[in-house]
Amino acid sequence: MTHSKRLGIIGAGKIGTAIARVAVAAGYDVAISGSGPADRIALTVNVLAPGARATVTEEVVRRADLLILTVPTHHFRKLPRDLFTGKIVVDAMNYWEPIDGDDPELAAAPYGSSPVVQEHFRSARVVKSLNQLGYHEFEENRRGPGSLDRVAVAAAGDDPEAVARVLQLIEHLGFDAIDAGDLDAGIALGPDGAAFGVAYNADQLTGLLWPENSSNAERSDERTDRGATVRTRLDRADLKKLASGAAP
Ligand SMILES: NC(=O)c1ccc[n+]([C@@H]2O[C@H](COP(=O)([O-])OP(=O)(O)OC[C@H]3O[C@@H](n4cnc5c(N)ncnc54)[C@H](OP(=O)(O)O)[C@@H]3O)[C@@H](O)[C@H]2O)c1
């Protein structure tokens with residue numbers, strides 16, 4: 001499966017520029033935008049992500065099918081609902097009240113912020129990913145395929161083709177890609193989830209996300225058309241337990 005290596009990033013802050021930097025290193029043609037005109041972020045992008053192109057959001061979206069949303073979570077609703085029609089949008093945002101303020105809808109969302117983001121951008125193909133690690137960890141932890149200390153990053157989404165594209169991106173960026181299941185499962189990747197904030201390897205992350213299939217004896221690593229090791233999905237009650245850090 002070959003796809004365009006054009007990548008668009010909306011949000012030229014800490015995580016946006018960090019992902020832009022590793023994506024350029026991985027051979028992607030990267031365009032990135034902030035909330036204003038291109039010249040406002042041009043110097044930042046030149047310094048922090050040389051090789052990436054600073055532009056405006058409309059142009060970022062126009063030129064790429066694969067987009068990463070890295071604006072502050074309390075700002076995503078400012079973007080037009082139809083901005084991403086038909087596009088794959090990686091939701092790399094995390095809702096964290098001390099930073100984002102009290103957001104009753106996000107705070108009460110049973111499966112985390114991504115289903116709310118998908119509801120806002122109904123015509124987009126939202127995939128939760130690239131939100132697990134701190135921005136500095138992208139460059140520190142990226143490794144070539146097969147490296148013993150390669151870190152794993154998961155992706156969760158309802159559109160299998162979109163998830164496969166994101167899993168491919170994760171591999172290209174230098175990480176083992178793990179399919180976490182549907183978009184609701186993305187809650188396990190967020191701030192209250194068991195898979196958040198730790199640089200796990202593929203076995204460890206798989207064990208957290210798919211505990212019923214993680215016994216050493218029964219590992220099944222076949223690659224499927226979703227592009228990664230796919231295991232039986234947890235049921236929703238198990239996901240809630242995972243989100244609270246309890247063993248399902
Ligand atoms: N920092 C991390 O290590 C990390 C890790 C994982 C996930 N995340 C998540 O990623 C998101 C961004 O975090 P961050 O630390 O990168 O924040 P940040 O450093 O504050 O950067 C946010 C960027 O988004 C831009 N922005 C704001 N509103 C925008 C809009 N309407 N359209 C386009 N761009 C817009 C800002 O541009 P202006 O300056 O022009 O407003 C700024 O460049 C958050 O949801 C966070 O939880 C962060």
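Visitor: Which strand does strand 2 join through three bridges?

Guide: Keep in mind that this is a predicted model. Strand 2 is joined to strand 3, residues 53-55, by three bridges. The two run parallel.

Visitor: What lies between strand 2 and strand 3 in their β-α-β unit?

Guide: Helix 2, residues 42-48, belongs to that unit, together with the two strands. The unit is right-handed.

Visitor: In which sense do strand 1 and strand 2 pair?

Guide: Parallel, over five bridges. Strand 1 covers residues 6-10. From strand 1 the chain passes through helix 1, residues 14-25, and on to strand 2. That β-α-β crossover is right-handed. For a landmark in the pairing, take Ile-10, whose bridge partner in strand 2 is Ser-33.

Visitor: Why is strand 2 largely enclosed by the rest of the structure?

Guide: Count its buried residues. A residue is buried if 20 or more other C-beta atoms lie within 10 Å of its own. Strand 2 spans residues 29-33, and four of these five are buried, so the strand is largely enclosed.

Visitor: Now the ligand. Which residues come nearest?

Guide: Gly-11, Gly-13, Gly-34, Met-93 and Tyr-135, out of 26 residues around the ligand.

Visitor: Which element gives the most to the shell?

Guide: Helix 1, with three residues.

Visitor: How many shell residues are nonpolar, polar or charged?

Guide: Ten are nonpolar, 14 polar and two charged.

Terms used
Residues are numbered from 1 along each chain as its sequence is written. This is a predicted model: local features need pLDDT of at least 70, side-chain atom pairs count only at pLDDT 80 or more; totals for chains, interfaces and linings use all residues. A residue is buried if 20 or more other C-beta atoms lie within 10 Å of its own, exposed if 12 or fewer, and partly exposed in between; C-beta atoms are placed from the backbone. Helices (H or I, at least four residues) and strands (E, at least two) are DSSP runs, numbered from the N terminus. Two strands pair if DSSP finds at least two bridges between them. A crossover is right-handed if, with the strands pointing away from the viewer, the path from the first strand over the helix to the second runs clockwise. A residue is near a molecule or strand if its C-beta atom, placed from the backbone, lies within 6 Å of it. Ala, Val, Leu, Ile, Met, Phe, Trp, Tyr, Cys and Pro count as nonpolar, Asp, Glu, Lys and Arg as charged, and the others, Gly among them, as polar.
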